[in-house]
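Here is a short report for a reader new to this structure. Look at the sequence and the 3D view first, then read on.

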Amino acid sequence: MAAILFYILSAVALGATLICVTRRNPVHAVIYLVHAFFALAMIFYLFGAPLVAAWEVIIYAGAIMVLFMFIIMMLELAPDQTTEGPGWKRWLPVLLLSGTLVVCTLLLMFADAETASGVPRYYASPRTFGYALFKEYALAVEIVSFQLLFAAVGAFYVGRREKRKPRRAP
Amino acid sequence: MMPDWIITAILVAIKLGFVLALLLTGAAYLVLAERKLLGRMQLRYGPNRVGPFGLMQPLADAVKLLMKEDFIPAQGDKVLFFIAPGIAAVTALITFAVIPFGPPLRLFGREMPLVVCDLNIGLLYFLGLSSLAVYGIALGGWASNSKYALLGSIRALAQLISYELSMGLSIVPVVLMARSFSLTEIVNAQTHIPFALLNPPAFLVFLISVLAESKRTPFDIPEAENEIVAGFHTEYSGMRFGMFFVGEYINVIILSSMVTVLFLGGWHGPLLPGIVWFFGKVMLIAFLFIWTRGTLPRFRYDQLMHFGWKVLVPIALLNVVVTGAILLLLQG
Amino acid sequence: MLDSYLPIIVLIGIAVGFAICTTIFSRLIGQKKPTEVKLAPYECGMPPVGSARERMSMKFYIIAMLFIVFDIEAVFLYPWAVMFKKLGLFGFVEMGVFIAILLVGYIYVWKKGALEWE
């Protein structure tokens, strides 16, 4: 059961990413990418890491995709004319993908309930995960902190340099 | 004797029916309560024509919204325009799933916890959904192909993420004190004394952030009527506007419930049954929301961002460290 | 196990159903008399000028970037907070250093004026 779910979810993640990189419209691409992140989050949940699944949603779908939206809005990447061809047909993939995700969620819950064989052998509860992370990998945590520092400073500089360029006429 | 799964199904149905009825009528009557109270604060009556004391007003509003013409602006992104209000309403509705609204109840000889689903990562579920709620606004504003809508949604995006940060950071002391992500356990950790008294800074930061998350005065920059018409829902009409509207008021109920659960001790309280205490506290916070709207003017955008980034975030961060230090000292 | 998860799935189903049904219902009974002027984006009664896909200030990009950085910090704080008692002094010092390093970055961008809105 778990194996089948894993393959379905992987297929969803791969498919969504593939559709994402082939979209012309960047906002539509973002939506497919969010689907891919959801599929990944569910794979993490399936592997017995609910905390990582929650992180995947909070950080990737919640924070990084918002940055993407900002950039798309900022850079006028989106084409002006978006309405050509039948609307609903182009959106069939997104319906299909979200439908599959919902079905997988259902299966995930039932697999949890019915058979112990379906669930992974190792289950990292948020507590276990937190303890291991901060006890055994303390150095890694501090390195992450340094990386975040560099990211903050770097982001500031990238944004800064862009500002000094002469502005285009409005 | 009934089989086990039938009892389960009945219990689930009762619980869900109760929660949904409560949320939807609650949101509808919160609108009425707000209009009435604002009216009183501005020395007028508020709606009082439809039914006794205007009590049928929400129904009239719903019928009106349903009958309205529902059009899509030219060159708008049809499908996204269609989906966006749905995202706003659905994320608001399903957040209530993890909020415990009363002590466990005994029914059909079975213990029934008064929460739709007591996830052991309930707090993270709430945070995840509140970070997803921005999509409804972002996509709605973008798909409208209108300048006001786009401006509104960008403002909303920046505001929501800034205050989400201080909200997230002000929850950390609660987790420190309760040592759990489960909202039921957090409530039970406050049996004797609510966290609002133990850690007032976290409570205040959370309350203010929540006010900003609900996009209401004084934080209603995303829909500042006299600058950008109605912000991200400028182009919306009929039931799709209604969806944003319902979502906003359900959100008020949910955020009030989160304040209650995290800081005011949830259903705990003397004498009265737990469920009464819970809804009493929720209504008190909701009243506070309306009261601020009747009292305070709107922030300017730079004030809003300054306040979030330069006041709330440092306070919340410092509070995490101080709370940790105190807890460490108490443990010895 | 199933008892505890079933309600949340049903709730999500009902919520999605509610959203879809009300929109479709209102589409069915609402009137439809679109005109060209009605469908034009609202600009206070004037004919729309230019495109709605304007460039936005770079400021928002920096804010979003800083949000990601601090959001990651926040998600690191949660598992730490839940295990705080067991981690004890070691955990406290560790997280103190973590926060201190990030504070350096925070003070730096503050002093450089990234948080200013003109």
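## Helix H2 of chain A

H2(A) is mostly covered, with 18 of its 21 residues buried. A residue is buried if 20 or more other C-beta atoms lie within 10 Å of its own, exposed if 12 or fewer, and partly exposed in between; the C-beta atoms are placed from the backbone. The helix takes in residues 26–46. From its first C-alpha to its last it reaches 30 Å, close to the 30 Å expected at 1.5 Å a residue. The expected span is 1.5 Å times one less than the number of residues. Gly48(A) follows H2(A) and has a positive phi, near 85°.

## About the model

This is a predicted model: local features need pLDDT of at least 70, side-chain atom pairs count only at pLDDT 80 or more, and totals for chains, interfaces and linings use all residues. Residues are numbered from 1 along each chain as its sequence is written, while chains are lettered from A and ligands numbered from 1 in the order in which they are written.

## Chain A as a whole

Chain A has seven helices and zero strands. Helices (H or I, at least four residues) and strands (E, at least two) are DSSP runs, numbered from the N terminus. Of the 170 residues of chain A, 32% are buried.

Take the contacts in chain A between residues at least 6 apart in sequence: 69% of them join residues at least 24 apart. Two residues are in contact if their C-beta atoms, placed from the backbone, lie within 7 Å.

## Inside chain B

How many residues of H6(B) are buried? The count is 32 of 32, so this helix is largely enclosed by the rest of the structure. Just after H6(B) comes Arg179(B), with a positive phi of about 55°.

Leu262(B) sits in helix H11 (residues 238–263) of chain B. Why does Leu262(B) count as buried? Because it has 28 C-beta neighbours inside 10 Å. Beyond its neighbours within four places in sequence, Leu262(B) is in contact with residues including Ile171(B), Val174(B) and Phe206(B). Leu123(B) is 139 residues from Leu262(B) in sequence, yet 9.6 Å away in space, C-alpha to C-alpha.

## Where chain B meets chain C

Here 62 residues of chain B are in contact with 53 residues of chain C. Elements giving two or more residues to this side of chain B include H6 (147–178) and H11 of chain B. By class, this side of chain B has 38 nonpolar, 13 polar and 11 charged residues. Ala, Val, Leu, Ile, Met, Phe, Trp, Tyr, Cys and Pro count as nonpolar, Asp, Glu, Lys and Arg as charged, and the others, Gly among them, as polar.
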